[in-house]
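Please read the points below alongside the coordinates.

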Amino acid sequence: MTELHQKVQNWLNQDPDFETKSELQNLFNQAQSGNADAEKELAMRFDGRLQFGTAGLRGRLQAGSMGMNRVLVAQAAKGLANYLLANDKEPSIVIGYDGRKNSKIFAQDTAEIMAGAGVKALLMPRLLPTPVLAYAIRHFDATAGVMVTASHNPPDDNGYKVYLGKNNGGGQIVSPADKEIAQQIDLATQINIGEYARSQNYQILDETVINQYIEKTAKLAIEPECELNYVYTAMHGVGKEILLKTLQAAHLPLPHIVAEQAEPDPTFHTVAFPNPEEKGALDLAIELAKAQNAEFIIANDPDADRLAVAIPDEQGNWKPLHGNVVGCLLAWYVAQRAKKSGKTGTLACSLVSSPALEQIAQKYGFHNEETLTGFKYIAKVPNLVFGFEEALGYLVDPDKVSDKDGISAVIMFLDLVRSLKATGKTIQQHIADFTQEFGAYASSQISLRVKDLADIPKLMDAFRQNPPTQIGENKIVQSKDYLQGTEPNNILVYALDNGSRLIVRPSGTEPKVKVYLDVKGNDAIDAMRVLEKFDGAVRELLRSEQFGKQDC
């Protein structure tokens with residue numbers, strides 16, 4: 001038997017899942033019969049392991065060491081349990097899960113393995129948003145947390161998001177914890193998962209922690225009551241129940257709900273990608289908004305840690321607001337509220353987010369901090385008052401959770417709208433006021449989705465080995481490679497002579513390279529003109545031979 005076939009057989013011997021075991025056995029039988037395609041598929045399925053990093057695990061639901069499945073999750077749970085036992089005398093963990101395929105069974109497997117290893121395990125009672133899990137870690141002062149979710153990834157994916165509590169603050173893991181946990185997982189793979197001790201002695205939580213999350217989030221609403229005519233979509237995720245309960249607790253008007261996307265559905269059958277940023281994802285919401293003559297649309301992603309907003313223009317054409325626009329509007333509003341209450345602290349965003357945040361911080365006397373990408377960094381900023389990332393992530397209530405929170409962000413955004421209504425202003429007028437106050441900023445993103453993950457380092461290497469000196473008519477006057485920094489990160493930043501900025505980085509959760517464009521203009525129209533020209537020049541650069549003729 002070849003080394004590959006031995007790996008497959010070992011995997012089959014320990015797979016407890018009928019579906020993945022049957023799938024792999026059929027593939028194995030074909031390969032043993034000489035089917036070259038099946039042999040090639042097996043080689044891909046076992047070409048290493050799905051890597052555990054600061055984003056935890058995320059990948060396609062399939063058998064084999066390169067997929068998300070019960071064997072891989074059991075090994076991750078055992079490795080994480082050993083890590084916690086080595087770092088805490090009485091470790092505890094809270095485990096949550098969303099509505100994706102296998103999320104519940106992955107969570108149950110984790111609870112049983114944790115309990116069997118001697119870690120106190122608390123399991124959420126049902127499908128719930130990621131922010132509720134993040135809140136529970138702090139509430140119980142747990143050593144760690146796991147959320148089984150792939151957030152807004154395609155339907156065939158799932159993931160395993162790890163948090164560290166107590167002295168680590170309850171946020172997502174950062175280095176070196178990721179490497180230390182990965183080492184423990186590697187050790188765990190040397191034992192058949194059937195030999196892991198398992199126990200039913202874990203606690204299934206009641207409604208108390210959920211109700212406390214709702215109660216605390218509802219207290220964010222402080223503006224005078226008024227009518228609001230708006231549409232909400234849960235994007236086939238788990239956001240609706242908790243959001244509606246929070247709205248009721250906050251005495252906020254309820255939205256028109258996109259019925260087709262209201263309940264958890266692991267197939268996400270109405271959208272190509274269950275991500276509010278993707279083209280077409282808000283089509284059903286826009287259809288309902290037009291029918292109801294709504295003022296605006298709000299959307300959560302499937303695990304409800306992100307918020308998207310869409311508004312109509314003067315011609316009645318609905319368009320999503322860029323994450324930087326929503327982030328800056330929330331930052332402005334939060335800063336005003338904090339200033340009134342005498343609170344000081346820091347406004348933070350990731351380096352790929354809008355530079356406009358610095359202007360807001362300066363105006364209201366707050367510190368400003370730019371972090372590496374991800375809320376694992378943003379949430380750790382000392383004295384944080386507000387944090388955001390352009391990918392629709394907002395942290396409006398850092399005293400409650402240490403991660404982005406799409407439910408809290410909805411409540412704060414609705415309160416912002418209520419404050420505008422009290423002065424007779426619309427969201428559109430408020431955006432114009434922002435430009436008048438802080439300048440005309442504009443942002444966009446180019447996503448280069450790859451079929452082969454090996455193409456990602458090739459593209460990043462192309463930038464490093466033959467760096468661009470000019471984009472369109474503008475010269476690059478400064479560049480920074482974050483791989484050379486004290487906290488190495490695969491990010492490239494280019495500043496142009498007209499004040500524009502280009503950032504290139506691989507996605508931490510999806511098979512793509514993200515290219516971020518930021519510009520500033522004399523006014524809103526000028527900024528969009530500069531951005532459109534910059535976008536065209538960047539796409540032309542990416543389509544060149546130098547960068548592998550990217551399809552963008």
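1. Does Phe296 count as buried or exposed? At 1% relative accessibility, Phe296 counts as buried, where buried means under 20% relative accessible area, exposed over 50%, and partly exposed in between (1.4 Å probe, protein chains only). This is a predicted model, in which local features need pLDDT of at least 70 and side-chain atom pairs count only at pLDDT 80 or more, while totals for chains, interfaces and linings use all residues. Residues are numbered from 1 along each chain as its sequence is written, and side-chain values use heavy atoms, with hydrogens and water left out.

2. Phe296 pairs with Phe413 in an edge-to-face arrangement, 5.8 Å centre to centre with 75° between the planes. The criterion for a pair is that ring centres of Phe, Tyr and Trp (its six-membered ring) lie within 6.5 Å; planes under 30 degrees apart count as stacked, over 60 as edge-to-face and the rest as tilted. By this rule the count comes to ten aromatic pairs. Phe296 belongs to strand β10 (residues 296-300) and Phe413 to helix α14, 117 residues apart, so the pair links distant parts of the chain. Helices (H or I, at least four residues) and strands (E, at least two) are DSSP runs, numbered from the N terminus. Phe413 is also buried, with a relative accessible area of 1%. Tyr230, Phe296 and Phe413 form one aromatic cluster.

3. Helix α14 covers residues 406-422. The expected span of a helix is 1.5 Å times one less than its number of residues; for the 17 residues of α14 this gives 24 Å, and the end C-alpha atoms are 24 Å apart, which agrees. Of the 17 residues in α14, 15 are buried. At its start, a side-chain oxygen of Asp405 reaches to within 3.0 Å of the backbone nitrogen of Ile407. After α14 comes Gly424, with a positive phi near 75°.

4. The sheet to check is an open one of six strands, in the order β17-β22-β21-β20-β19-β18, with antiparallel pairing. Its edge strands, β17 (440-449) and β18 (470-471), each pair on one side only. Two strands pair if DSSP finds at least two bridges between them. Strand β19 (residues 474-481) and strand β20 (residues 492-496) are joined in the antiparallel sense over five bridges. Ile476 stands opposite Leu496 in β20.

5. Phe463 is buried at 1% relative accessibility, and Tyr494 is buried at 4%.

6. Lys78 lies over the face of Tyr196, at 5.8 Å from the ring centre. The charged end of Lys363 is over the ring of Tyr364, 5.7 Å from its centre.

7. With a disulfide taken as a pair of cysteine sulfur atoms within 2.5 Å, the count comes to zero. The sulfur of Cys328 is 7.6 Å from the closest cysteine sulfur, in Cys349, which is too far for a bond. Cys328 is buried, at a relative accessible area of 4%, and Cys349 is buried at 3%.

Definitions and conventions. A polar contact is a pair of N or O atoms within 3.5 Å; within protein, one must be able to donate a hydrogen and the other to accept it, and residues adjacent in sequence count only if both atoms are side-chain atoms. A charge sits over a ring if NZ of Lys or CZ of Arg is within 6 Å of the ring centre and within 35 degrees of the ring normal.
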